[in-house]
Amino acid sequence: MDQCCQDKSSELAVLRAQQGRVLQIALGINLVMFVVEFTAGVLASSTALLGDSLDMFGDASVYALTLYTLHRSDRARAGANLAKGTAMLLIGCAVIVQAVRNAWLGIVPEAHIMGTIGVLALAANALCFALIYRHRSDDLNMRSSWLCSRNDLIANTSVIAAAGLVVWSGSLWPDLVVGVAIAALFLSSAWHVLWAAGRDWRHATP
């Protein structure tokens, strides 16, 4: 029985190590793409790119928190989630401000930059999706990460479609609609993260 338990512990340690490597790679990809998309969104005056960068930030924070809290207390996990929720809220509000500014001034985004960065983001998320795919059934955490990557592919496709519609119509509205929709979902998630983290913080043992 003891040998069996030792074998299981060794298998679990190997599995965790493999998951950790995958999460580290996914974290790096998402951090780089967050910076690229956010910067491109500002330069191209694209609300959709800014909104999509939120997904990259959200995923990066999930991977980072998973790695950071792996061997830490419930209070540390709650504190990390409070920081994550606050950052999500601030960035989401920045996207909404950008959307209002673009609508007020009638700024049409640079559709070609939107499309190019959108395709790059789609490729990056497809890589993360492929990396996590083989671990999707390992545990709830990895399945959640896989589902997030799958949903991001949909968001990336929406940005590319918005870029095409901006080129076709010459209007700023496809960009605004997609960007605000993504930002609204992100702000909702930020609120839920902050609420849950605050509850966990109050009940966690120091």
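A contact, for these legends, means heavy atoms within 4.5 Å. Welcome to a predicted model, in which local features need pLDDT of at least 70, side-chain atom pairs count only at pLDDT 80 or more, and totals for chains, interfaces and linings use all residues. Residues are numbered from 1 along each chain as its sequence is written, and side-chain values use heavy atoms, with hydrogens and water left out.

**View 1. The protein chain holds six helices and zero strands.** Helices (H or I, at least four residues) and strands (E, at least two) are DSSP runs, numbered from the N terminus. Read from that end, the order is α-α-α-α-α-α. Among contacts with a separation of 6 or more, 81% join residues 24 or more positions apart.

**View 2. The largest nonpolar core has 24 residues.** Such a core is a set of buried Ala, Val, Leu, Ile, Met, Phe, Trp, Tyr and Cys residues joined through side-chain atoms within 4.5 Å. Buried means under 20% relative accessible area, exposed over 50%, and partly exposed in between (1.4 Å probe, protein chains only). Look for Met33, Leu54, Phe57, Tyr63 and Met88, which touch the most other members. Helices H1 (2-43), H2 (47-68), H3 (74-105), H4 (111-133) and H6 (173-203) each supply at least two residues, and H1 gives the most, with seven. A second, separate core of eleven residues includes Ala48, Leu49, Ala155 and Ala163.

View 3. With a disulfide taken as a pair of cysteine sulfur atoms within 2.5 Å, the count is zero.
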